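Have the viewer open and follow along.

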Amino acid sequence: MDSSAVKEWLFGKTLPELEAVAAASGMPRFAAGQIAGWIYARGVTDIAAMTNLSLRNRERLSERYCVGLLPVADVQQSSDGTKKYLFPTLQQRYIESAYIPDKDRATLCVSSQSGCRMGCRFCMTARQGFAHNLTSGEILNQIRTIPESGKLTNVVYMGMGEPLDNLESVLNSIEILTAPWGYGWSPSRITLSTIGVIPAMREFLNRSAAHLAVSLHDPIPSERLAMMPVEGKYPMGQVVAELKRHDFSHQRRVSFEYIVFAGINDSPAHVTALVRLLSGLKCRINLIRFHAIPDAPMQGADEATMIRMRDALARKGIITTIRASRGEDIQAACGLLSTREQEKQAE
């Protein structure tokens, strides 16, 4: 059996966690920085390659730990250059990531959970139910192991799962991405998407400097509740009130994601409700085309409706964009590829 499946991973540990590993292994505290340098800056995949650690210390470390990393299980490439990567998890499930090249940008959309417990009616991942949280190592593994890893300009936590339902692993992964002992990225290269889990969202805003995207999808509470059960616990009005307590006047941004469904959330009344809800908050809205999933009770709005909504919101002073639709020919909706693979394994 692969050691990454039976030994604890060093990859995905923060510097304080590596200091605890060093102490438990009888190594000096500064060895944690050396280990971090080998794993993150130099990208080694074997403890034996950490040559500034003594042979005895490398042997001690190898008794319990491995560097980690799981290879890509499958990849699909779209005609527009988008790639969908499938990864195994340490608990014998599958998750997926989407690589999206766009001129001088290259974005990876990563997953934070296998499955999801939030139950949004339009989401394929929700149909899987919740399986397990990903470790910070499994989250970062998606970034580290794809062939385009060195080309990435941005990472978005918008894949499978609700990132703030896996708060500590997600925050640890962001810390590793941004810390000088890790990958040294600017937090402005990272965006986290949430449906609005208020206590965890507050923690995220206080403990990181990454951008925030909120999945809104309907400003009318009763309608949002019908498609997103979270509205019953954390109403969007309370989410927005919480966001108004934070400072988004500098480099950090907050945006709202809005999938436009034909005849459901695309009327002038919805535009009016959006303007009222977001009044006083510096933000933008991203209108998103619906990537259809099997047996979905809703359909995406047509292009004319998308443009009408964008222009109506812009006239009211809200910066609004229509997100380009990518990868429609490769099971682009999040959760489709992993669902197919899990069904195949169960046959």
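Which residue meets R224 in a salt bridge? The partner is E231, with N and O 2.6 Å apart.

## Ground rules

This is a predicted model, so treat it that way: local features need pLDDT of at least 70, side-chain atom pairs count only at pLDDT 80 or more, and totals for chains, interfaces and linings use all residues. Residues are numbered from 1 along each chain as its sequence is written, and side-chain values use heavy atoms, with hydrogens and water left out.

## Salt bridges

A salt bridge here means a side-chain nitrogen of Lys or Arg within 4 Å of a carboxyl oxygen of Asp or Glu. By that rule the count is 15. Back to the opening pair: R224 is buried at 1% relative accessible area, and E231 is buried too, at 8%. (Buried means under 20% relative accessible area, exposed over 50%, and partly exposed in between, using a 1.4 Å probe and protein chains only.) Elsewhere, salt bridges with shared partners join E8, K13 and R64 into one network.

E242 is worth a click as well. R202 forms a salt bridge with E242, the closest N and O atoms being 3.2 Å apart. Since R202 lies in helix α8 (residues 198–207) and E242 in helix α10 (residues 236–243), the pair ties together parts that are 40 residues apart in sequence. Helices here are DSSP runs of H or I with at least four residues, strands are E runs of at least two, and both are numbered from the N terminus. E242 also forms a salt bridge with R245, where the closest N and O atoms are 2.7 Å apart. As for burial, E242 is buried at 4% relative accessibility, R202 is partly exposed at 35%, and R245 is exposed at 63%.

## Aromatic pairs

The structure holds five aromatic pairs. Rings of Phe, Tyr and Trp (its six-membered ring) pair if their centres lie within 6.5 Å; planes under 30 degrees apart are stacked, over 60 edge-to-face, and the rest tilted. Y40 and Y183 have ring centres 5.4 Å apart and planes at 65°, so they are edge-to-face. The pair links distant parts of the chain, with Y40 in helix α3 (residues 31–41) and Y183 in the loop between α7 (167–178) and β10 (190–194), 143 residues apart. Y40 is buried at 3% relative accessibility, while Y183 is partly exposed at 28%.

F261 sits in the loop between β12 (254–260) and α11 (268–278), and F290 in the loop between β13 (284–289) and α12 (303–315), 29 residues apart. F261 is buried at 0%, and F290 is buried at 11%.

## Charges over rings

A charge sits over a ring if NZ of Lys or CZ of Arg is within 6 Å of the ring centre and within 35 degrees of the ring normal. The charged end of R189 sits over the W185 ring, 3.6 Å from its centre. R252 lies over the face of F204, at 5.4 Å from the ring centre.

L69 is in the loop between β2 (65–66) and β3 (74–77) and is buried at 13% relative accessibility. Q92 is in the loop between β4 (83–88) and β5 (94–102), and Q92 is exposed at 65%.
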